[in-house]
Amino acid sequence: MTSAQQDPAPPPAAHGGPFGWLTEQDAVRRAAGLRRELRPRAADSPLVDLAGNDYLGLTRHPEVTRAGADACLRWGAGSTGSRLVTGSTALHAELEAELADFTGFEAALVLASGYAANLAAVTALTGPGTLLVSDAANHASLIDGCRLSRATTEVVRHADPEAVRKALDGHDGPAVVVSDSVFSVDGDAAPLTGLAGACREHGAALLVDDAHGLGVLGDGGRGAPQAAGLAGDPDVVCTATLSKALGAQGGVVLGPAAVIEHLVNAARTFIFDTGLAPAAAGAALAALRLLRREPERAARARSVAQDFHRRLTQAGLDATAPDACVVSVRAPSPDAAVGWAAACRDRGLVVGCFRPPSVPDGISRLRLTARCDLTDAQIAAAVGTVVETAPTAAR
Ligand SMILES: Cc1ncc(COP(=O)(O)O)c(C=O)c1O
C-alpha cells in the first residue's frame with residue numbers, strides 16, 4: 001500500500017457501545033465504494049501476479065528460498081528479541097556489509113521492515129527545531145515518520161526541487177528533505193539531483209526512500225542514489241525495503257557510519273523491535289548475491305515496464321510512464337477500478353487496485369508491476385486482459 005492515509009474520523013459521542021461508530025464508518029466506506037477486504041491467496045495460485053512487487057522474480061527463486069530455509073534452521077525461526085538485547089547475528093552483519101557495499105553507502109542497518117526503517121531514519125535524524133520537507137506524494141511510512149518526529153513538517157508540491165528550495169529558504173536551523181525515489185502509486189522518479197542541489201544550498205540532509213529503486217535502478221540494480229551519483233555522500237541517507245526487488249522481507253537504512261551508529265542508539269523501531277527474522281535476512285542476502293551475478297534482471301524488469309506502458313497507451317488507456325517497474329492506469333471511479341480489477345482476476349490476472357485514501361490525489365487506478373521473469377507472451381496476454389476488461393470511460 002502507499003501514500004497519504006487519512007485518519008479515521010474521530011469517534012462521535014458514544015452510542016451503540018464504544019465501537020458503535022465503526023458501523024457508521026463502514027457504511028460510509030461501502031457507500032463510497034472504498035471498503036477493503038482481504039482475499040486469500042493459494043500457495044500454488046495459477047494467476048499471473050502483476051500486483052506484487054517481486055520485480056526481479058526472486059521471491060520463489062530456489063536459491064533464495066533455500067537460503068531462507070537454511071538460515072531459519074541455523075539461527076532459529078525468530079531473532080528472539082531486539083538486536084541490542086539478544087545479540088546481533090553474524091548473518092545480520094553480513095547482510096548489512098553486503099547491502100552497503102552493493103549500494104555504495106558507507107554503512108547499513110537492517111530492520112524488521114521498510115516501514116520500520118523509514119520511521120527509524122526520519123525520527124532519529126530530526127527533533128524539535130528541525131524542518132522536515134516532505135514530498136506530497138511520499139509513502140505512508142515517511143508521512144508517519146514525519147508525524148512521529150517532533151520536527152516541523154512542511155509538505156511540498158510533488159517532485160519539485162524549487163518548492164523544496166522555497167521551504168528551506170525561510171528556515172534557519174537543521175533540515176531534512178524526505179522523498180521516495182520512485183513514487184509507489186504512479187511509478188515516477190523523484191528529481192534526486194535537483195533535490196540534492198536544493199539541500200546543499202541550505203546545508204540540509206537528503207533522505208531518500210529507495211523502496212522501488214533498489215534492485216531496479218542504477219548499475220545492475222544498485223539503486224536510485226547510485227544512479228544519481230549520490231550514494232555514499234556524507235549528507236545523503238537512503239532507506240529501502242528487502243521485500244520488493246529482493247523478494248524477502250525487512251528494511252534497511254544506508255548512510256554514513258556516524259548516522260548508522262546513531263540509529264543503533266536512538267531509533268526506536270530498531271531498539272524496541274525484534275531484529276529481522278533470520279529466514280528473511282538469509283533470503284535477502286541470497287537475493288542480493290544473485291542480483292550481483294545476474295545484473296541483467298534489473299534492465300529486463302525496467303524494459304517490461306516500458307513495454308506495458310507502450311502497449312496500454314497504444315490501446316487508448318491513460319497509463320503513467322514508468323521510471324522503474326510501476327505502471328498505473330487511470331480508472332474513472334473507485335467502483336469502476338474495483339470492478340475492473342475483479343474482471344482481470346476472473347481472467348487469471350491479478351492487478352493492484354488503488355483507491356482513496358491510499359492515493360493522495362483521490363484518483364483511482366489499477367497498478368501493474370513489471371517483473372523480469374515475464375515472457376513476451378505473458379506480457380501480451382496481460383495487456384490484452386487489462387484492455388479488454390477496461391470500463392468504457394477509461395479509454
Ligand atoms: C515507497 C515505500 N516505502 C516503504 C515501504 C514499506 O516497506 P515494507 O513493506 O518493507 O514495510 C513501501 C512498501 O509498500 C513502499 O512502497
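At what angle do α4 and helix α12 pack, and how far apart are their axes? The model is predicted.

**Whole chain**

Along the principal axes, the C-alpha trace spans about 55 × 55 × 45 Å. Colour by burial, and 52% of the 395 residues count as buried. For contacts between residues at least 6 apart in sequence, 73% join residues at least 24 apart.

**The sheet**

Next, select the strands of the open sheet. This sheet has 7 strands, in the order β2-β8-β7-β6-β5-β3-β4, with mixed pairing. Its edges are β2 (107-111) and β4 (152-156), each of which pairs on one side only. On average, neighbouring strands in this sheet are turned by 20 degrees against each other, direction ignored.

Strands of a sheet pair through backbone hydrogen bonds, either parallel or antiparallel. Both senses can be picked out here. Select residues 175-180 (β5) and 205-209 (β6): these strands pair in the parallel sense over 5 bridges. Within that pairing, Val178 has Leu207 of β6 as its bridge partner.

For the antiparallel case, go to β2 and β8, which are joined by 5 bridges. Ala107 has its bridge partner, Gly255, in β8. Although β2 is an edge strand, 4 of its 5 residues are buried, so β2 is largely enclosed by the rest of the structure.

**Helices across the sheet**

**α4 against α12**

Keep α4 and select residues 278-293, helix α12. The opening question is settled here: the two helices pack at an angle of about 30 degrees, with their axes 10 Å apart. Their crossing is left-handed. Show side chains at the contact. From α4 come Leu91, His92, Glu94, Leu95, Glu98, Leu99 and Phe102; these meet Pro278, Ala281, Gly282, Ala284, Leu285, Leu288 and Arg292 of α12. By class, the residues of this contact divide into 9 nonpolar, 2 polar and 3 charged.

**α5 against α6**

Move to helix α6, residues 140-148. Which residues of α6 are buried? They are Ser141, Leu142, Ile143, Gly145 and Cys146. Their cover includes α5 (114-124), β3 (131-135), β4, β5 and β6.

Now select α5 together with α6. The axes of these helices come within 8 Å and cross at roughly 35 degrees, and the crossing is right-handed. On the α5 side the contact is made by Gly114, Tyr115, Asn118, Leu119, Val122 and Thr123. On the α6 side, Ser141, Leu142, Asp144, Gly145, Cys146 and Leu148 take part. The residues of this contact divide into 6 nonpolar, 5 polar and 1 charged.

Key. Residues are numbered from 1 along each chain as its sequence is written. This is a predicted model: local features need pLDDT of at least 70, side-chain atom pairs count only at pLDDT 80 or more; totals for chains, interfaces and linings use all residues. A residue is buried if 20 or more other C-beta atoms lie within 10 Å of its own, exposed if 12 or fewer, and partly exposed in between; C-beta atoms are placed from the backbone. Two residues are in contact if their C-beta atoms, placed from the backbone, lie within 7 Å. Two strands pair if DSSP finds at least two bridges between them. Axes are lines fitted to C-alpha atoms, for helices over the stretch in contact, and angles run from 0 to 180 degrees between N-to-C directions. A crossing is left-handed if the near helix is turned anticlockwise from the far one by less than a right angle, and right-handed if clockwise. Ala, Val, Leu, Ile, Met, Phe, Trp, Tyr, Cys and Pro count as nonpolar, Asp, Glu, Lys and Arg as charged, and the others, Gly among them, as polar.
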